[in-house]
Amino acid sequence: ETFGITPIEAMAAGLPVISSDWDGYRDTVRNGQDGFLIPTLMPPPGYGLDLAARYAFGIDNYDMYIGNISNFVSVDFRSLTHAFDQLINNDQLRIDMAKSAIKRVSCEYDWSKVIMQYQDLWKNLDAIRTNSSSYNYKWSARLDPFFAFESYPTNTISNQSKIILVENSLEMTFLKLNKISSLFIVNYSKYTMPEKDFSIQLLTKINEKSTTVVLLKEYFAEASETYLIRSLLWLSKFNIIEIKKSKV
């Protein structure tokens with residue numbers, strides 16, 4: 001989403017919103033005022049060229065292309081759980097956020113306000129088009145999606161990111177992996193799923209001690225870096241591991 005009208009509609013209906021901290025959503029929902037924005041994580045640019053190529057060459061249709069990309073984007077489950085807990089158990093917070101949401105929509109997103117902004121945008125775009133001496137068109141389907149969406153997430157995974165298991169037991173972690181992998185809503189995109197044997201090796205190594213991405217790169221040096229990074233994001237997507245932002 002570059003904007004996302006669903007949160008606006010919810011706010012107009014007097015609902016506090018729980019949304020991902022993702023591009024346009026963070027421009028509409030004010031964290032802690034109208035609802036909660038949940039931090040997101042994605043690979044940095046350079047890790048999605050094959051996904052773009054599969055779409056460009058017609059191997060994947062648009063829906064599958066978007067589905068493949070989404071399997072490498074995760075939300076912070078701890079923050080998500082905390083947001084639900086806050087709203088479920090605090091009546092006054094729900095009321096205050098609902099009032100704030102209604103006021104924000106009426107002041108900022110009513111059509112009487114929006115249409116003038118659209119008119120200014122059209123004039124600006126027309127001026128750019130008519131004054132441009134040349135126009136170099138680039139086919140967007142060829143772009144690495146993690147380059148195209150680079151500014152969308154809260155964070156991107158890095159060498160210093162810390163990796164831990166969500167469950168305290170490796171056995172429980174494997175059971176969780178098997179259960180999640182068996183779901184059609186997950187395994188429809190087999191191209192993005194890490195191999196089971198590799199996932200087991202990766203999770204076993206993570207279980208040994210708190211580790212970082214750079215240490216995993218060294219240990220799994222024979223594996224493709226893209227495959228390793230995307231495997232970590234996939235496991236994070238389904239709350240099997242937690243990827244923590246490094247403290248600078």
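Let's start with strand 6, residues 162-165: Ile 163 and Leu 165 make up its covered face, while Lys 162 and Ile 164 are on the uncovered one. This is a predicted model, where local features need pLDDT of at least 70, side-chain atom pairs count only at pLDDT 80 or more, and totals for chains, interfaces and linings use all residues. Residues are numbered from 1 along each chain as its sequence is written, and side-chain values use heavy atoms, with hydrogens and water left out.

A word on elements. Helices (H or I, at least four residues) and strands (E, at least two) are DSSP runs, numbered from the N terminus. Strands pair if DSSP finds at least two bridges between them.

What does strand 6 pair with? Strand 7, residues 211-212, runs antiparallel to strand 6, with two bridges joining them. Strand 8, residues 241-244, is also antiparallel to strand 6, over four bridges. Take Lys 162. In strand 8, the bridge partner of Lys 162 is Lys 244.

Now the rings. Rings of Phe, Tyr and Trp (its six-membered ring) pair if their centres lie within 6.5 Å; planes under 30 degrees apart are stacked, over 60 edge-to-face, the rest tilted. That rule gives 13 aromatic pairs. One of them is Tyr 62 with Tyr 65: tilted, 6.4 Å centre to centre, planes at 50 degrees. Both tyrosines lie in helix 4, residues 62-70, three residues apart, about one turn of the helix.

Buried or exposed? Buried means under 20% relative accessible area, exposed over 50%, partly exposed in between (1.4 Å probe, protein chains only). Tyr 62 has 47% relative accessibility, so Tyr 62 counts as partly exposed. Tyr 65 has 7%, so Tyr 65 counts as buried.

Next, Phe 72 and Phe 146. Their pair is edge-to-face, 6.5 Å centre to centre, with 75 degrees between the planes. This one links distant parts of the chain, 74 residues apart: Phe 72 is in the loop between helix 4 and strand 4 (74-75), and Phe 146 is in helix 8, residues 145-148. Phe 72 is buried, because its relative accessible area is 1%. Phe 146, at 0%, is buried too.

There is also a cluster. Ring pairs link Phe 198, Tyr 219, Phe 220 and Tyr 227.

Last, charges over rings: NZ of Lys or CZ of Arg within 6 Å of the ring centre and within 35 degrees of the ring normal. Lys 205 has its charged end over the ring of Tyr 219, 4.0 Å from the centre. Arg 54 has its charged end over Tyr 191, 3.9 Å from the ring centre.
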